[in-house]
Each structure stands twice: as structure tokens, then as C-alpha cells.
Amino acid sequence: MSQPLTTRPTVTGISIIPFRQPPPLCSFLFVIVLFVATFYTLHHPDAVTPPLLFSRNAYNALRLRRLFLSSASNATISSYLRELTRHPHLAGTKPSLDTLHYVFNHFQSLGLETHVAEYEALLSYPTHISVTASFSNTTTLEFDLNDVPGDSPVVRPYHAYSPSGSAQGNVVFVNHGEERDYHALESIGVSVKGCVVLARKGENLGRGAIVKIAEAKGALGVLIYAENDGGGFGGIERGTVMRGIGDPVSPGWPGVVGGEKLSLDDELVTRRFPKIPSLPLSLRNAEIILASLGGARAPLEWRNSGRVGPGQRVGPGRMVINMTFQGEMKMKKINNVVVTIRGSEEADRYVILGNHRDAWTYGAVDPNSGTSALLDISRRFALLLKSGWRPRRTILLCSWDAEEFGMIGSTEWIEENVLNLGASAVAYLNVDCAVQGSGFFAGATPQLDGLLVDVLKLVQDPDAVGLTVEETFKSQNNIIQRLSRVDSDFSGFLHHAGIPSIDMYYGADYPVYHTAFDSYDWMIHNADPLFHRHVAMAGIWGLLGILLADEPLIPFDYISYAEQLQAHRDKLSKLLEGKVSVNPLSMAIQEFSLVAKEAADEAKKLKGKSYSKNDVAAAAKRRELNDRLMLVERGFLDAEGIKGKEWFKHLVYGPAAEPESKLGFFPGIGDAIAMNASEGIIEHEIWRVARAIQRASKALKGGFT
């Protein structure tokens, strides 16, 4: 990789520093070399290797990256975000169609091949919500459940797919609503059966899992609040409580218009929804309830955590809550926008960049900071196309719909195209919230780690002059996370289709998440006033796409993957304490390591050869190796899927069915351990993962046994 191509955006334009302050003599020599290489290339267009320091291919790649980075414009990204956030645009509503047209027209105006993939899906909307508290002194209080004025176009705070109904009972505070929290309550003699539970949102459980556990414990209803309070504005966090992802009435197949839909009373549908109602609550209202609780004191481990003080009581007693949710389920058209930039040599291989555009409210952070970056990438790609660039492989730019309801738009598209994706997709690059605050964060499948780090070295850090994103990322001790979570559109690509994936964002968290205050004004006053971080994210995202699409050999590193698998095996072995053998995993990983080394050596030899379109034999070898590199991730899929979450097929990185799983990998094994399953069941899950790793090894090695 070349040195950082540092571009520091300004509000009105871009100041370009091609390299990081080289000595004057070096700069002069570089200009001379670049000029001669350019002159030679222009006058000898069919030459394989210009007779200086740069090959034609390397020079063109350098020029391409410089052009892509230097054409950034934070003012342009700002204008995109301003237009996208003028109105709330909840999926399935008329304003969401306005956003669809804006994105579609933008792509078309650039001359890009653009189409809409339309689906039908069951979405959930509120018609009436209320929460009333009755105190022991006979007074009552009806809580204000809005975080905006009553005439606002923003949807009232609710939980999508909560069942309609009322719940009345004493309140019990259950901390984060995890199994261990209920065990702690049981140890002090507190039961939630027949009660309404109050939970504070934590890091380990999504709201759907909180409701599922409360339902299993016999609760009548659930109230959930977030302690960040919308940044002090009194915001209330909306969200979905549906189990699983994708359209609930077409589970496992695409919800195409006119296609098969299950009835709402079908068991496959009803099991996707909770049986008890739930609602989000503001921190202020939650504190009123907490202050009124009697009963036992909160368990010691809850105290002084967040806003739970040492005197906090958990109930029940002294207060009765009456909560009501009335909602309606509607079949709605949802629309994905897909741009196709055809590859010049491997048009049947696809690099996919995706972001969703629907939002609970205005969506300045979630997701339209990402949408704005995607629109700017498309603008810059259009400039590259006009300059003569054509990617080697095909690039898809995808704008997903209805993600907030459960990744519905991307899931339906994946289910419709799953066979072609398995045969042809190189990688999926996801950006949901491009900018939440400061600091770069990323998750990826391990073969993409090296490529991601190399790209971070090419992009100027938006908050530290003279440093690259890679340098600040490293100095902050950030690590590339693994993608077992299910919270954005990468899930279907990785967990169901086995596509190598990356998910990226700026900022660890932000206080206005899913509230009415996720607006353009909040963005410019808090997260990214000058849109420098947006520019950096677009630069990283776009360069990843270019490199994956243009490199003659797909830049995957499976030695890195083997090392990560070994680390996972070591952690599992420590957790099991020798009670169950991990030898099947050890042998499978050892085999994978050997094959990964062989593939790396093969790639190194091919890279050492001069690139020429006329060298048919070398091209065939590159194609054959690329196919093997591309298919490895599919090997980790298992037809039976994860027990309890069978749609999720990936046995290395996937969502655990059991919330108490102690592993962020090997979900089937983690579930078996969390359930205190027999040694035989745990051993079977270990063998399943070992066989998956063996399949991946065979895919990377090629041929047949």
C-alpha cells in the first residue's frame, strides 16, 4: 500500500496534501517519476510494465485513490443530510416515499444504472398508548409518553410488533432484565409473576429479549427506559420487539409482491411476536416509578450502577401501573434502491456497499449519516467513471428499506438472491450510522482485517491533523470487533448467506438514539459540525469498495482468520475447564491454518507476475484462486442453522439463542453451555463447528478428496 493520501476537508472545499510532508528533494524526485510514468503510459498504452518505479497498474491505482479522496466535499454531504432529514420518514409512510425518490433520483442524475427492488412486508404502527400510575395515597398520574409536541409528525414512542392490550399490576424493577437479574430477585424473595416490570436498557440484551424473558417469568407487561435521557432532552427510545429478522409473514422466503404470505395466526408468525405488551418510557417517568417503589432493596450488584442508588427498592408495592398499547399491523410496500456499476473483467463478481435509509424519526444519525456518505460515494464513483475508470468487478450500492422494523428490506433481498450471492458475492460493506460522535469503530470477519487497516492508513483522521485514521485507531487501543450481533443489515449477508462483511461507524454511542431529537440540528451541534467525520467515513467505505473491486487478487487474509479461530478455541477451552474435549476444533483449525498458508504462498507467487490481460493462463489461475478465496466464508454455514434460531446458519459468528451465552463466537456451543446441556450435546456442537471449519478448508484448498 502507498503512503497516506491525506485530504483535510474544509467547510467549502478540500485542501489536498498528497503525502505526509516529504523532504523537498523526495517531493521533486517523486514528481519527476510520476511525470515520466504518466508520459510513458500515455504513449505506450499496451505496455505491461513502464520502465521506472511504477507499473502501469500501480500508477493507475494510485491516481484513482488520489482522485477519489480529493473529490470529497463535506458541504455536499451536509446538503444531502439536510434534505434527507427535513421530515420524519418511518418505513411504510408517505414521507418514506419522498426519501426513496430523493435517493433514486440522485443516483439516476449521476447516470448510474439504478433500479428499485420492491417487496411487501407486515409493519406495525401505534394507534393508542397510555401509562397511568396509581399510588398508595389514592392519587393517580398519567404519564406524558411523547418526546415531541402532540401535533408533531414524529410517530409516538412505541415498540413495533408489541401485541395490543392492557396490563395492570404492581411494579417490579428488574434492572437490565437479564436472567441473572431475575435470579438476583429470586434470591431476595421477589417474584414478577402477575406484575408489570420496569427495565433499564443495557448493553447485553435488546428490547425484544428483555420482553421475551419477562414473559417467560410471568410478567403482565414491560416498560423499558434508557438512562441517557436523549441527551437531557427527555427523549424516548423507539424500537422493535420482533424476534428474528425479515418480514414475519414470509419467513425464510422473499416477500415479493403477490407472493405467498402466512396468516397472522400461523404459528410461524405468532412465535415472532411477544405475548405481553411493552412500551418505552422516558427516564423522567421511570424515575417517578423508581422513587415510589417499596419492598426489598435492590441487589448489591445493581447499586451505584448508572442511576440506581444504594437506597433503591425493587417493589412490588406502593404503586399500581395500568399500561395500554393499541396498534395495527399493515401490509406495506417497501423499496430497496440498487445501483449497479458493471465490472470490466469480472462482471459476475459483486462487491456490495449498503446502508438503510428508513428512520424512526428524522434519522440524522441513524441512518442518514450513512445514507449521505453513500450518496457522496456514488457522486465520486460517477466522477471516476467519467475519468475512464471501470471497476474490475461489479459494485452494487444498496439503499435498504424497513431496517428499523427488523432488517426487513435487506433480508427480503438476500432471500430472493441467496443463490446468486453464494456464487458471486465477494464482500458486503455496511455503514448504518456513519457518525455518532468521535472515534472510529469497526467490526469485520477476520480475513478483512488487514485490508481495513491498510485503508485506514490512507485516510486523514478528521480530528487529528497530520495523523491517519489508522494511527488514532491504534493509539486508542481500539480493536476490530467480530460480527455476532444482529443490529444492522450485515446480519443477513454474514449469518445467513456467508458473505465476508464489515460494519463501520464513528462514535461509540449517542444519547438521542431512536428519539425525536435525532435531527440535523443535533448533528451539526454535537456529532460532526463540519462534516469532517462524514468525509472520513465515506473515504474509508469507498476505498474498501474500490480495492475489493479492483485488485486482481481479492485481498483476503485467511492466516488472520486461522489465528482468530485459534484464539476462539483457546477461550472456549478455558471456559470448559477440560470437562469436554476441544480436540476436534484443534485439528480442524490446524488444517485450516496449513491451507491458509498455502493459499497465501500461491497468492504471493501470482502477485509477483506482471499483470496483462493477454496472459490467459495467469488470468485463469487468478480467477480460480479468487473463487476459492470468495467461497471460504460459505463453509462456515450449516444447513441446520443455530438451534432455536435456525435461519441463522453461521456457526462461527452468529447470534446466540440463549441471552446468557458467554461466547461472542461459536453460538451453538455457547448456547449449549448456557443451557447447562449435557457433555454429549456440547461435544456435538463442537463437532458441528469443527466440520464447518473443515468445509471452509476444503473450499480454500479447492478440488476434491
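How many helices and strands does the secondary structure of the protein chain come to? The count is 21 helices and 16 strands. The model is a predicted one.

Start with the overall form. The radius of gyration of the protein chain is 27 Å, close to the 27 Å that the globule rule gives for 705 residues, so the chain is as compact as a globular protein of that length. Along its principal axes, the C-alpha trace spans about 90 × 60 × 55 Å. Buried residues make up 57% of the 705 residues.

Now the surface and the charges. The protein chain exposes about 28100 Å², and carbon and sulfur atoms supply 54% of that area. There are 70 positive and 76 negative side chains. The centres of these two sets lie 4 Å apart.

Turn to helix H10, residues 368-386. H10 has 19 residues and reaches 27 Å from its first C-alpha to its last, close to the 27 Å expected at 1.5 Å a residue. Of these 19 residues, 17 are buried, so H10 is largely enclosed by the rest of the structure. Look at the flanks too. Proline 367 is found in the loop between strand S12 (346-356) and H10. The peptide bond from aspartate 366 to proline 367 is cis, with omega near 10°.

Another cis bond runs from glycine 315 to proline 316, with omega near -5°. Proline 316 sits in the loop between helix H9 (283-291) and strand S11 (319-341).

Helix H19 covers residues 616-631. Its 16 residues should span 22 Å at 1.5 Å a residue, and its end C-alpha atoms are 23 Å apart, which agrees. The buried residues of H19 are Ala618, Arg622, Leu625, Asn626, Arg628, Leu629 and Met630.

Next, some single residues. Asparagine 430 is found in strand S14, residues 425-435. Its relative accessible area is 0%, so asparagine 430 is buried. Beyond its neighbours up to four places away in sequence, asparagine 430 touches Gly354, Ser488, Asp489, Phe490, Ile502, Asp503, Met504 and Trp541.

Threonine 445 lies in the loop between strand S15 (440-444) and helix H12 (449-456). At 1% relative accessibility, threonine 445 counts as buried. The C-alpha atoms of threonine 445 and isoleucine 502 are separated by 6.7 Å, although the two residues are 57 residues apart along the chain. The contacts of threonine 445 beyond four places in sequence include Arg482, Pro500, Tyr561 and Glu633.

Threonine 472 belongs to helix H13, residues 469-475. With 10% relative accessibility, threonine 472 is also under the 20% limit for burial. Threonine 472 touches Asp461, Ala464 and Leu467, leaving aside residues up to four places away. Its C-alpha lies 8.4 Å from that of phenylalanine 440, 32 residues apart along the chain.

Finally, two loop residues with positive phi. Threonine 138 has phi near 75°, a positive value in a residue other than glycine. Threonine 138 is found between strand S3 (113-135) and strand S4 (140-142). Phi of tyrosine 161 is also near 75°. Tyrosine 161 lies between strand S5 (159-160) and strand S6 (165-173). Which of the two is buried or exposed? Threonine 138 counts as exposed, at 70% relative accessibility. Tyrosine 161 is buried, at 0%.

Methods: Residues are numbered from 1 along each chain as its sequence is written. This is a predicted model: local features need pLDDT of at least 70, side-chain atom pairs count only at pLDDT 80 or more; totals for chains, interfaces and linings use all residues. Side-chain values use heavy atoms; hydrogens and water are left out. Helices (H or I, at least four residues) and strands (E, at least two) are DSSP runs, numbered from the N terminus. The expected span of a helix is 1.5 Å times one less than its number of residues. Buried means under 20% relative accessible area, exposed over 50%, partly exposed in between (1.4 Å probe, protein chains only). The radius of gyration is taken over C-alpha atoms; the globule rule is 2.2 Å times the number of residues to the power 0.38. Accessible areas come from the Shrake-Rupley method with a 1.4 Å probe; for residues, only the protein chains shown count as cover. Lys and Arg count as positive and Asp and Glu as negative; His and the chain ends are not counted. The place of a charge is taken as NZ of Lys, CZ of Arg, CG of Asp or CD of Glu. Contact means heavy atoms within 4.5 Å.
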